[in-house]
Number of protein chains: 2
Amino acid sequence: MKLSEAKQQFISTWGAMGTHWGINRTMAQVHALLMISPDPLTQDDVMAQLNISRGNVNMNIRDLIDWGLVDRVLIQGERKEYFTAEKDIWKVARQIIKERKKRELDPMMKLMDQLSKVDGDKKDKEVKTFLDTISGIKKFGAHADSMLDVVVKSDENWFISTALKLFK
Amino acid sequence: MKLSEAKQQFISTWGAMGTHWGINRTMAQVHALLMISPDPLTQDDVMAQLNISRGNVNMNIRDLIDWGLVDRVLIQGERKEYFTAEKDIWKVARQIIKERKKRELDPMMKLMDQLSKVDGDKKDKEVKTFLDTISGIKKFGAHADSMLDVVVKSDENWFISTALKLFK
DNA sequence: ATTAATTTTCAGTAATTACTGAAAATTCGG
DNA sequence: CCGAATTTTCAGTAATTACTGAAAATTAAT
């Protein structure tokens, strides 16, 4: 398989995967392109390689920067901005976990705390089932939170050795 | 807060969360409704409570069954089908991990194996960066796979105690 | 300060995804 | 086997989400 073809397939699959992960296709494609590009790219480079408009590139790069997955790079003597993506996949994964925890898990747990204060008699089957569900989610969330914190703070070696140990 | 209000908020938030997880809003809402309902519901119950059409309910329940999150229940002497969702959130989480591993991680790893066979000189910066990215993803995927297998096979107690141990 | 290069915004539009509702298929009691 | 109850399908449509391109804003060289 030729490099150009392989690149194309990687970008397209990474993009499709993004849609299963709550990220839009194009954002994931831009990320894929930057990951496999040895040198930083400009907005025009991305426009050309993915065949998308300037506005689209601009918005998606901004989102990627918000996610902490892409950085602006200043190139000496150049007026244009350049962009590069973190190439260490372990760092990428940790960054994504960190952000999703903040954006999704934390607010969900706050809501569960609210909902566990619902009025009503625990003898009522409706109330009991509701509270049991909420309480299960709270417990689960607390443990998931702890585990994810460990992963986020860990370095690659820790993760490898733990994974092996657990797997026996 | 009244139960009806709390239920409504739970369903709506669980639905919104679904969209961040590659699941459509309605499917997550149906799942939420079934989780907090003490007894199995019919398609008509779901239609009434969520204000959605019969076709929509039918399709989403079928998907939930495919995901292993909802079961058909036969009620003695009733012609209609009833549906219920797994109430143990640990089992729900394990089931989701198992399915996503099968649907997303496994095919992604297969593709990486393909792509690592790309032609070209490893001295070429373009080729090298591409292969390094692929190889990083392969290594990461293998470890994630192991860890997730452990979680899927574990029971609740194992997960709790491990989480605590890791967190120190 | 002027102006050219570059980035950002966003109204309008395109593309995608989800939903409805009625018809077709299936199931099951009699 | 017939017919009523129920489930399933899917063409048409609605709702949502993503993208374009041009205008506005910003930046920086002279």
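In this structure, 48 residues of chain A are in contact with 48 residues of chain B (C-beta atoms, placed from the backbone, within 7 Å). The model is predicted: local features need pLDDT of at least 70 and side-chain atom pairs pLDDT 80 or more, while totals for chains, interfaces and linings use all residues. Residues are numbered from 1 along each chain as its sequence is written, and chains are lettered from A in the order in which they are written.

**Side of chain A that touches chain B**
- At least two residues each come from α1 (3–19), α5 (89–115), α6 (125–153) and α7 (156–167) of chain A; helices are DSSP runs of H or I, at least four residues, numbered from the N terminus.
- The largest share, 13 residues, belongs to α6(A).
- By class there are 27 nonpolar, 12 polar and 9 charged residues (nonpolar: Ala, Val, Leu, Ile, Met, Phe, Trp, Tyr, Cys, Pro; charged: Asp, Glu, Lys, Arg; polar: the others, Gly among them).

**Helices α2 and α3 of chain A**
- The axes of α2 (residues 25–35) and α3 (residues 43–50) of chain A come within 11 Å and cross at roughly 110° (lines fitted to C-alpha atoms over the stretch in contact, angles from 0 to 180 degrees between N-to-C directions).
- α2(A) is therefore roughly perpendicular to α3(A), a term covering 65 to 115 degrees.
- A:Gln29, A:Val30 and A:Leu33 of α2(A) make the contact with A:Val46, A:Gln49 and A:Leu50 of α3(A).
- These residues comprise 4 nonpolar, 2 polar and no charged.

**Surface near DNA strand C**
- Of the 18 residues around DNA strand C, A:Gly55, A:Glu81, B:Asn24, B:Ser53 and B:Gly55 come nearest (near: C-beta atom, placed from the backbone, within 6 Å).
- α4(A) gives the most to this surface, with 4 residues.
- The surface has 2 nonpolar, 9 polar and 7 charged residues.

Methods:
Parallel < 35°, antiparallel > 145°, perpendicular 65-115°, else oblique. Contact = placed C-beta atoms within 7 Å.
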